[in-house]
Amino acid sequence: MHERATRAVSAALMMIAAGAAASSPTAEAERWQAMARADLDAIHARITDAHPGVIDPDNPGFKSWLEVGYEQAIAHIPYVVSYDTALAAVRYYTVGFEDGHLIYSDNIREDFPILVTGWYVRWTDGEYRVVTTLPEWRLALPPVGAVWTGCDGRAAEDVLRNVVGPFTDRREGESSRQIRATSLWKQPPLAESLRVCSFRTAAGDSLQLPVAYQPVSTQQFFAALSDVSDGSARAANGFDDADGVLWVRAGNFNLRANSTDREALDTVLAGLRRARGFRAVVFDARGNRGGDSSIGDRIFEAASGGLEFDQSDLDALPRYYARWRVSAHLVDFLDSATDRLTALYGADSPRVADHLAFRDRVVAARVAGESWVEQDAGRKITRDDVTARGGHLRRTDARVALLTDRRCVSACLDFADLVLRVPGVVHVGETTGADSVYMVGSSYELPSGNVLVMPVKVWLNRTRGNNEPLVPAIPVDLDADEASVRRDVLRAIGME
């Protein structure tokens, strides 16, 4: 943005911020408040009509937040002064459901100024460390490398959980902790935001610095973040086979239609089926952010032949299944998925045929006035069950390792669940993210043009609990170079 334009934006937003405390907000603030209210109303209505949690008998707390959270979110609207504070007010509601598949998007962002503290922290080595600052701030900023310890007499964890967390992520786990930390510098829609924050310098000195929220352009904002990127780019699928180790990269479960993604996956699967003579197999899920769980199933099957175990008396185990909430929204979602699957796999593929058959079941259930359509997934089978039934991989007796990072969620977690059923498997890397039992994100365009992503089915008797991360038996530093990561993984399974 041009320097003169930047000064004009700064002056305008200073007036907006001042107007937020007044009885009559500025026209700019009113614009964003109206957007937040319209989107909140639409989200409340859509969740009421189509989210499985509303009628889930195992989750009575869902309906409570549906109404209480809605009213609490509305109470933040008078403190909305910008596009980003409008997003935060709406996200107060969606975040309160504690579900990574319930998302309020940022699709319509233009060069709307963003109000920030000027300093940005990340959770690193057990501390909240300042990793970048912005130039030409009107008040003193902490030095890069300083440790942030809290604000306004409140400890760092208290601030993150009770000031930042309600607008960003309220869940437990390292991934959620990092989200809260990296969201600290953005102004929330509160009557009184942070005033004075505390830091400890590398020399051990204590600093008490006043907070000055100032507007920056989106270009400045994202340029600052690009300087401290943490390498979260999506990985690819592939493998290498050397020194008796089959290293399987299962990084992309979100294939794009009208691309070469499907052909590339088919090539990988064919190569895995031909692999022979390996003494260890590492399923590397780093970079995987979810997508289509069936892709993980196919990669596991191609590399290992799948799990074989005694199938007798399986009916003695609990049933594992999903319920899809029947609604007009679900039918619309399935219709849109038909186009994507057809483009990806072809109109005559078994995948599309199965999808259309399921859609017909949903339509029939809706006509009949039914609330649920069930999807059977077999039996709830743990690794102990597989071991007790003499379980083994069909085409190899190799040692098995699973490598995860902290952003593994959704279909990545489904893949991890599958690999972790293998007797003797060793889980290494970082603790994963977590999923609620509500799955499959559908999209609904809101009045603003932003999108509500909302789950449409609920799992019952899943081996992994609601919002339960997977914790590795052996932590591995994934910030190290690739050779070090591989060495540590192979050492964990006795191959080094």
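**A sheet, its helices and the links around them**

D240 stands opposite W247 in β11, where strands are DSSP runs of E with at least two residues, helices are DSSP runs of H or I with at least four residues, and both are numbered from the N terminus. The structure in which they are found is a predicted model, in which local features need pLDDT of at least 70 and side-chain atom pairs count only at pLDDT 80 or more, while totals for chains, interfaces and linings use all residues. Residues are numbered from 1 along each chain as its sequence is written, and side-chain values use heavy atoms, with hydrogens and water left out.

Strands β10 and β11 pair in the antiparallel sense over 6 bridges, two strands being counted as paired if DSSP finds at least two bridges between them.

The nonpolar side chains come next. A nonpolar core is a set of buried Ala, Val, Leu, Ile, Met, Phe, Trp, Tyr and Cys residues joined through side-chain atoms within 4.5 Å, and buried means under 20% relative accessible area, against over 50% for exposed and partly exposed in between, with a 1.4 Å probe and protein chains only. The largest such core has 45 residues, of which F283, I299 and F300 touch the most other members. Two or more residues of this core are given by each of β11 (245-250), α8 (261-274), β12, α9, α10 (328-345), β17 and α13. Helix α13 supplies the largest share of this core, with 7 residues. Leaving aside residues up to four places away in sequence, F300 touches F283, G305, G306, L307, L393, F415, L418, V419 and V422. Apart from this core lies another, of 39 residues, including L40, A73, Y83 and A89.

Charged side chains make a further set of links. Side chains of opposite charge can pair when their charged atoms come close. With a salt bridge taken as a side-chain nitrogen of Lys or Arg within 4 Å of a carboxyl oxygen of Asp or Glu, the count comes to 36 salt bridges. Another salt bridge joins E482 and R286 at 2.8 Å from N to O. Because E482 lies in helix α14 (residues 482-492) and R286 in the loop between β12 (280-284) and α9 (293-304), the pair ties together parts that are 196 residues apart in sequence. Of these two, E482 is partly exposed at 37%, whereas R286 is buried at 17%. D240, R249, D284, R286, E482 and R486 are linked in a network of salt bridges.

A separate pair is E430 and R406, whose closest N and O atoms are 3.6 Å apart in their salt bridge. This pair links distant parts of the chain, since E430 sits in the loop between β18 (426-429) and β19 (438-445) and R406 in the loop between β17 (399-404) and α13 (411-419), 24 residues apart. Both E430 and R406 are buried.

Finally, there are the covalent links. A search of the whole structure finds 2 disulfides, a disulfide being a pair of cysteine sulfur atoms within 2.5 Å. One joins C151 to C197, with 1.9 Å from S to S, and this link is right-handed, with 95° about the S-S bond. It connects distant parts of the chain, with C151 in strand β5 (residues 147-151) and C197 in strand β7 (residues 196-200), 46 residues apart. C151 is buried at 1% relative accessible area, and C197 is buried at 0%. The other disulfide joins C408 to C412, with 2.1 Å from S to S, and is left-handed, with -105° about the S-S bond. Counting bonded cysteines along the chain, the disulfides follow the pattern 1-2, 3-4.

Notes. Contact = heavy atoms within 4.5 Å.
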